[in-house]
Amino acid sequence: MVTAIYPGTFDPPTYGHLDVIKRAAAVFDRIIVGVAVNTKKETLFTAEERVALINRMITDLSNDNITVSSFSGLVVDFACESGAFIILRGLRTFSDFEYEFQMALANRKLLDKIETVFIIPTEQYALASSSVVREIVSLGGDAGSFIPHFIEQGLKHKLGKA
Ligand code: COA
């Protein structure tokens, strides 16, 4: 049984993240989406809210090999606790590569048996990022091609735009 973790901030999760989750679920036996609690990023949604948003997003997949939980501390520790030695990351553009390369090597330095596997999302989501989505909603734009309606409503609420 091959388990992979998919760590990220997911503030908020987008269709791009969902695309990575769907693709990974077709390859690995079990996917654990890890919502990072104490990243350097200040988040709009709490960790519990981000876990709930991802859980709602994946309901339609009716795939019981995907679970979502939050974690704090090192991603390699979360992987070990989850019985996983594969870290999944989405690789959208060439500019993602340098950061991801550094992070993959740092994680391997921390734990040699960790492998980072990159998934390239569908091109229509290549330009999606959580901060782009937050900016669109904060400026009154329509983010419907990046996030489902319930997340857009949640964002509007957080941003005082509801
Ligand atoms: N679709 C949409 N957006 C995507 C995406 C995809 N497929 N893949 C990446 N992104 C975006 C995210 O939305 C995010 O956008 P933002 O910066 O506008 O918010 C950005 O790419 C990258 O964010 P994310 O994937 O959430 O990663 P991160 O850089 O916030 O890192 C962790 C999160 C949890 C992986 C990292 O902080 C970590 O490992 N923390 C634990 C501490 C640790 O172990 N440190 C040592 C590791 S070197």
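**View 1. The largest pocket of this predicted model holds about 1,100 Å³ of space.** A pocket here is an open set of points on a 1 Å grid over the protein atoms alone, where a 1.4 Å probe fits and protein lies on both sides within 12 Å along at least five of seven lines. Its volume is the space filled by probe spheres set on the points, which are joined across faces, edges and corners. Lining residues, those with an atom within 4 Å of a point, number 41, and G8, T9, K41, R89 and Y99 lie nearest the pocket centre. Residues are numbered from 1 along each chain as its sequence is written. Local features need pLDDT of at least 70, side-chain atom pairs count only at pLDDT 80 or more, and totals for chains, interfaces and linings use all residues, while side-chain values use heavy atoms, with hydrogens and water left out.

**View 2. Helix 4 gives the largest share of the pocket lining, seven residues.** At least two lining residues each come from strand 1 (3-8), helix 1 (15-25), strand 4 (86-90), helix 4 (94-110) and helix 5 (130-138). Helices (H or I, at least four residues) and strands (E, at least two) are DSSP runs, numbered from the N terminus.

**View 3. The ligand sits in the largest pocket.** "Sits" means that more than half of its atoms lie within 2 Å of the pocket's grid points. Around the ligand are 25 residues (a heavy atom within 4 Å), with T9, V75, Y99, S130 and S131 coming nearest. Helix 4 again gives the largest share, here four residues of the shell.

View 4. The ligand taken alone exposes 940 Å², of which the protein buries 83% (Shrake-Rupley method, 1.4 Å probe).

**View 5. The loop between strand 1 and helix 1 contains F10 and P12.** Most residues other than glycine have a negative phi, and most peptide bonds are trans. F10 has a positive phi, near 50 degrees. The peptide bond from D11 to P12 is cis, with omega near 5 degrees.
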